[in-house]
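User: Could you walk me through this structure step by step? I am new to reading models like this.

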Amino acid sequence: MVREQKQASVQQDNIVQQNEQDTQLARNNSQGKVEEETLALDSVLDDIESVLETNAQEYVNSFVQKGGE
């Protein structure tokens with residue numbers, strides 16, 4: 001009976017430890033994905049900024065309505 005309880009306790013500890021490892025792995029993966037998406041967004045924003053710096057007046061004029069538009 002005592003031996004069975006110890007085995008059950010060890011199994012439960014192993015399950016808890018595995019769950020903690022899985023949780024940490026999921027957190028690490030999520031953080032990596034967030035960083036990757038942030039870098040991609042930063043790249044797009046840098047491209048937009050570059051275009052606006054070189055063609056700001058042309059960009060603004062593209063939104064001005066002409067005549068009956």
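User: Where does Leu45 lie?
Analyst: Leu45 lies in helix α1, where helices are DSSP runs of H or I with at least four residues, strands are runs of E with at least two, and both are numbered from the N terminus. This is a predicted model, in which local features need pLDDT of at least 70, side-chain atom pairs count only at pLDDT 80 or more, and totals for chains, interfaces and linings use all residues. Residues are numbered from 1 along each chain as its sequence is written, and side-chain values use heavy atoms, with hydrogens and water left out.

User: Why is Leu45 called partly exposed?
Analyst: Leu45 is called partly exposed because its relative accessible area is 46%, and the term covers what lies between buried (under 20%) and exposed (over 50%), with a 1.4 Å probe and protein chains only.

User: And which residues form the nonpolar patch on the surface?
Analyst: Leu41, Val44, Leu45, Ile48, Leu52, Tyr59, Val60, Phe63 and Val64 form that patch, and together they have about 830 Å² of accessible area, a value from the Shrake-Rupley method with a 1.4 Å probe, where for residues only the protein chains shown count as cover.

User: Which residues form the negative surface patch?
Analyst: That patch is formed by Asp42, Asp46, Asp47, Glu49 and Glu53, and Asp47 has its place in helix α1, which covers residues 2-61.

User: Switching topic, how many helices and strands are there?
Analyst: The chain comes to 1 helix and 0 strands, and its C-alpha trace spans about 90 × 25 × 5 Å along the principal axes.

User: What share of the residues is buried?
Analyst: Buried residues make up 0% of the 69 residues in the chain. The chain exposes about 6500 Å², of which carbon and sulfur atoms supply 52%.

User: How far apart are Asp13 and Lys66?
Analyst: Asp13 and Lys66 are 73 Å apart in space, C-alpha to C-alpha, and 53 residues apart in sequence. Asp13 is found in helix α1, and it counts as partly exposed because its relative accessibility is 48%.

Technical notes. Patches are made of residues with over 30% relative accessible area and no salt bridge: like charges are joined within 9 Å, nonpolar side chains (Val, Leu, Ile, Met, Phe, Trp, Tyr) within 5 Å. A salt bridge is a side-chain nitrogen of Lys or Arg within 4 Å of a carboxyl oxygen of Asp or Glu. Lys and Arg count as positive and Asp and Glu as negative; His and the chain ends are not counted. The place of a charge is taken as NZ of Lys, CZ of Arg, CG of Asp or CD of Glu.
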